[in-house]
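Hello,

Here is the structure I promised to pass on. Have a look at it first, and my notes follow below.

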There are 2 protein chains.
Amino acid sequence: MSPTSVNLKQEQERLEDLYQNIFPFLIQTERALQDVASRGKGMIPEIVNYVIQAGGKRLRPALVVLSAQLGGSQTDDAISVGAASELIHLATLMHDDIVDRAVLRHQKPTAAVEFGDEVAILLGDFLYVEAFSLLAAINDPQLVDLFARATRAMCQGEINQVRRRFTLDLSLSEYLSFIDNKTATLMGAAMKGGARLARLSTDQATALGHFGWNLGMAFQIIDDTLDLVGDEVVTGKTLRTDLANGKLTLPLIWLRDKLEPAEREKFLGYLREPTADSVQHIITWVKDSGAIKEGLRQAANFAQQAKTSLHSFPDSSPKKTLSAIAQYIVTRTR
Amino acid sequence: MSPTSVNLKQEQERLEDLYQNIFPFLIQTERALQDVASRGKGMIPEIVNYVIQAGGKRLRPALVVLSAQLGGSQTDDAISVGAASELIHLATLMHDDIVDRAVLRHQKPTAAVEFGDEVAILLGDFLYVEAFSLLAAINDPQLVDLFARATRAMCQGEINQVRRRFTLDLSLSEYLSFIDNKTATLMGAAMKGGARLARLSTDQATALGHFGWNLGMAFQIIDDTLDLVGDEVVTGKTLRTDLANGKLTLPLIWLRDKLEPAEREKFLGYLREPTADSVQHIITWVKDSGAIKEGLRQAANFAQQAKTSLHSFPDSSPKKTLSAIAQYIVTRTR
């Protein structure tokens with residue numbers, strides 16, 4: 001076995017350990033996702049199954065059920081909300097992969113590569129509709145509103161990031177606002193959704209929302225760091241897309257702001273024209289400068305904040321799992 | 001004034017006449033659409049306003065309110081449902097224009113051309129979310145379900161049509177199934193949505209749904225016919241995209257099935273490789289053969305079916321307007 005396939009296996013096992021107590025729930029969520037595929041007509045079932053069966057961490061459904069369990073709820077609605085949050089996530093991935101010109105996702109060609117951009121656009125739309133159908137069937141307009149706000153934020157975050165491509169003076173706070181919208185808000189909504197199903201108090205729901213939000217911030221900073229220095233075999237997706245698309249992420253912003261004017265000009269020159277050569281220069285620079293460590297450090301801070309948000313809850317199995325997920329997020333390699 | 005600008009003005013006046021009695025409602029719908037734009041952050045308001053202010057016939061909101069009025073309802077919810085149906089329509093147009101590589105819509109560059117494919121993809125997503133938010137706020141899961149089904153059908157119809165591009169033996173029934181999903185189902189949902197707001201009986205709601213569905217079939221056949229022989233200045237959008245994208249529509253299918261084998265081979269050759277020259281040959285052939293007349297005839301049949309669906313309703317101002325819209329649809333030039 002090569003070192004990367006060992007890593008891949010270890011990662012899978014770590015995630016399975018984490019999910020041990022919610023396994024029956026996750027199986028039901030998979031069934032709900034497969035139901036979505038089978039409700040489609042024509043080519044739809046095949047294409048939806050391709051996307052669902054590609055895998056993924058199912059992190060958002062896990063957050064929904066753990067949050068609901070933390071509030072003592074065992075309602076079946078958690079399956080719908082979990083499946084809906086995963087469908088929203090899958091829909092944004094399909095559209096983002098077109099936007100970022102990525103070719104690989106979960107060790108397989110992206111849907112856009114496999115079926116064409118047109119089909120990937122329309123299938124993403126289909127998944128959004130399915131997600132909001134599942135949510136609406138629960139008959140709680142505030143639940144729909146929660147996920148509508150999160151999805152709206154995701155679209156806005158992504159549009160604003162696209163419009164600021166190759167903006168080399170992008171500030172750290174702009175970057176943080178992008179990832180807040182793109183990732184953290186949906187994870188916050190997944191936790192708040194679970195809290196709502198468990199009829200937790202506003203304070204408790206807010207605390208759980210903070211957990212999800214901070215987890216999402218940590219998650220995206222790690223994702224962006226892996227995009228720079230990760231292994232495509234382990235992550236199973238196209239990397240270095242941020243550089244190719246002129247998207248400045250935390251390690252790049254941190255390094256830029258640390259450089260002397262002359263060095264900075266050289267660095268910005270590489271960013272401005274991302275060829276294979278300049279990308280290699282940037283990656284070496286980023287690694288040697290401590291920028292990756294800084295990314296990991298800031299991600300760990302957010303993960304710590306996430307754990308702190310759980311303080312007011314008594315010890316329990318779901319609380320322990322949530323803390324372990326926060327730990328996993330910042331040490332994952334894919 | 002050139003003949004085309006006279007036509008354009010006449011068309012606008014015809015539509016204004018039709019909408020005379022629902023003008024206050026349509027103004028409120030425009031405000032609801034502008035609210036969607038102003039709720040956005042960053043670049044969103046500018047881009048949403050570009051799309052909204054481009055205009056359009058606002059046919060779906062008109063159907064919602066006329067259907068509700070036919071049932072004696074004056075509820076404000078019709079504004080939300082009308083705006084939602086228009087947002088779904090606008091979102092599909094944005095995504096379809098990317099899929100079809102169209103450059104012009106409502107006399108202006110398409111959103112994809114103006115802001116880039118990436119932004120157009122994400123903005124379409126944003127509009128879908130806004131639409132389902134508006135619907136969910138009414139707190140009637142069946143209403144959400146009605147529009148979710150229609151939107152799902154639209155995505156499926158479009159995907160299946162994309163996957164059958166350059167399928168030169170496409171049957172008439174396959175074509176009719178595409179336009180059923182793409183267009184007729186949403187117009188049916190608009191009418192059924194209005195009926196639901198007015199708490200009409202199942203039979204009455206079904207009759208109004210049939211009106212919308214048949215109107216949609218007529219509308220799309222005319223749209224596809226105008227794509228072949230229309231005037232880009234009058235329609236204000238890129239034409240001949242169906243031929244360029246290998247999409248067989250009613251006049252083409254009708255003509256193909258009427259031709260002798262040798263002639264048919266020649267015709268299919270033109271369709272197989274749509275150059276400027278072959279497109280010109282096809283259009284002349286289609287015009288001379290009576291295929292356009294056949295398209296208009298079949299559209300008129302559906303429009304007649306639509307009117308027949310209103311039989312059981314007593315005469316009233318909204319009924320008169322709906323009949324006039326069915327008439328307008330099949331005689332429009334844009």
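At what angle do helix α16 and helix α17 of chain B pack, and how far apart are their axes? Helix α16 (residues 291-308) and helix α17 (residues 317-329) of chain B pack at about 175°, with axes 9 Å apart. Axes here are lines fitted to C-alpha atoms over the stretch in contact, with angles from 0 to 180 degrees between N-to-C directions. That makes α16(B) roughly antiparallel to α17(B) (an angle over 145 degrees). Helices are DSSP runs of H or I with at least four residues, numbered from the N terminus.

Before going on, please note that this is a predicted model: local features need pLDDT of at least 70, side-chain atom pairs count only at pLDDT 80 or more, and totals for chains, interfaces and linings use all residues. Residues are numbered from 1 along each chain as its sequence is written, while chains are lettered from A and ligands numbered from 1 in the order in which they are written.

Now to the two chains. Chain B can be laid on chain A with an RMSD of 0.0 Å by a turn of 180° and a shift of 0.0 Å along the axis (least squares on C-alpha atoms of residues with pLDDT of at least 70 in both copies). That is the relation of a two-fold axis.

Their contact takes 35 residues from chain B and 35 from chain A (C-beta atoms, placed from the backbone, within 7 Å). On chain B's side, α8(B) gives the largest share, 13 residues. Because 100% of the interface residues of chain B are also interface residues in chain A, the copies meet through the same surface.

Best wishes

Key. Two residues are in contact if their C-beta atoms, placed from the backbone, lie within 7 Å. Helices (H or I, at least four residues) and strands (E, at least two) are DSSP runs, numbered from the N terminus. Angles under 35 degrees count as roughly parallel, over 145 as roughly antiparallel, 65 to 115 as roughly perpendicular and the rest as oblique.
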